Amino acid sequence: MAPTKTVPPDRGRRAGLLLALLLGAAGCSSAPPPPPRLSPPLPDAPLDLTRFTAKPCDLMTHDQLVMFFVNSQGTAAPAAGKTACTWIPHDTNALTYVASVDTASGGLEALYRRRATVPGFAPVFVHSYPGIHRDDRDGQCTVETGVADDTLLNVTVAATDPKLDAYSDPCYEADRFAGIMIAYQANRAP
């Protein structure tokens, strides 16, 4: 009987197997951790306001609007790529309330990430939800409140008459208006 011949393993196959193992191990490595959160955390009960992106005038009831001397339901119109509702109190044309729901800009975290470019950026809480104030000019304040990870409730108060209280402290008025909306929607949540 003839002696059996041992054939050395193919070096090409061994190298290929080693390369496959290395690539497989590299594929299992974890992705880099996400950057740390800059914005304050949202309450445990985020609000789903997506149904108001097209109908922001429905954010408040007639009885709530009367507290702000507004008798009409408001006027919806396109503004900066979204639909905004404008309310004007019946006793003056020098004051307006404007509200919209933003689900496209990335939420509060996106605002915090570009805070250096946001005029008048100032952190605030509205009815326990974190947000920011941005002041565009005297008599005007916008509060952008994070109500869900990807959703902002935007409220702007503009007063053109320096005799109005809202002219000297428009952010107080914007927070109050937004706070009523948030409280009402939070109570409606299932």
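Phe-68 and Tyr-97 are both buried in this predicted model.

**The aromatic cluster**

Five aromatic pairs turn up in a search of the whole structure. In one of them, the ring centres of Phe-68 and Tyr-97 lie 5.4 Å apart with the planes at 70 degrees, so this pair is edge-to-face. Phe-68 sits in the loop between α2 (62-66) and β1 (75-79), while Tyr-97 is in strand β3, so the pair ties together parts that are 29 residues apart in sequence. Tyr-97 also pairs with Phe-177: here the centres are 4.4 Å apart and the planes meet at 15 degrees, so the two rings are stacked. With Tyr-97 in strand β3 and Phe-177 in helix α5, this second pair ties together parts that are 80 residues apart in sequence. Phe-68, Trp-87, Tyr-97 and Phe-177 form one aromatic cluster.

Here are the two pairs side by side.

| Pair | Distance between centres | Angle of planes | Arrangement |
|---|---|---|---|
| Phe-68 and Tyr-97 | 5.4 Å | 70 degrees | edge-to-face |
| Tyr-97 and Phe-177 | 4.4 Å | 15 degrees | stacked |

Tyr-97 has a relative accessibility of 2%, so it falls under the 20% limit for buried residues. For Phe-177 the relative accessible area is 0%, and it too is buried.

In soluble globular proteins, nonpolar side chains tend to be buried together. The largest nonpolar core here has 30 residues, and the members that touch the most others are Trp-87, Tyr-97, Leu-153, Val-155, Phe-177 and Met-181. At least two residues of this core come from each of β2 (82-87), β3 (95-102), β4 (122-126), β6 (140-148), β7 (151-159) and α5. Helix α5 gives the largest share, five residues. A second, separate core has six residues, among them Leu-108, Leu-111, Tyr-112 and Val-118.

Beyond residues up to four places away in sequence, Val-155 touches Val-98, Ala-99, Cys-141, Thr-142, Val-143, Ala-174, Phe-177, Ala-178 and Met-181. Asn-154 lies in strand β7 and counts as buried, at 7% relative accessibility. Leaving out neighbours within four places in sequence, the contacts of Asn-154 include Lys-82, Asp-102 and Glu-144.

**A closer look at helix α5**

The side chains of Gln-185 and Arg-51 are joined by a polar contact of 3.4 Å. Apart from neighbours within four places in sequence, Gln-185 is also in contact with Leu-47, Leu-49, Phe-52, Asp-58 and Leu-59.

**The whole protein**

Stepping back, the protein has five helices and seven strands, and along the sequence they follow the pattern α-α-β-β-β-α-β-β-β-β-α-α. Of its 190 residues, 38% count as buried. Among contacts with a separation of 6 or more, 52% are between residues 24 or more positions apart. The accessible surface of the protein is about 11,400 Å², and carbon and sulfur atoms account for 59% of this surface.

Technical notes. Residues numbered from 1 in each chain as written. Heavy atoms only, no water. Polar contact = N/O pair within 3.5 Å; in protein donor to acceptor, adjacent residues only side chain to side chain. Contact = heavy atoms within 4.5 Å. Helix = DSSP H or I, 4+ residues; strand = E, 2+ residues; numbered from the N terminus. Buried < 20%, exposed > 50% of the residue type's maximum accessible area, 1.4 Å probe, protein only. Areas by Shrake-Rupley, 256 points an atom, 1.4 Å probe, with all protein chains shown as cover. Core = buried A, V, L, I, M, F, W, Y, C linked by side-chain atoms within 4.5 Å. Phe/Tyr/Trp six-rings, centres within 6.5 Å; stacked < 30°, edge-to-face > 60°.
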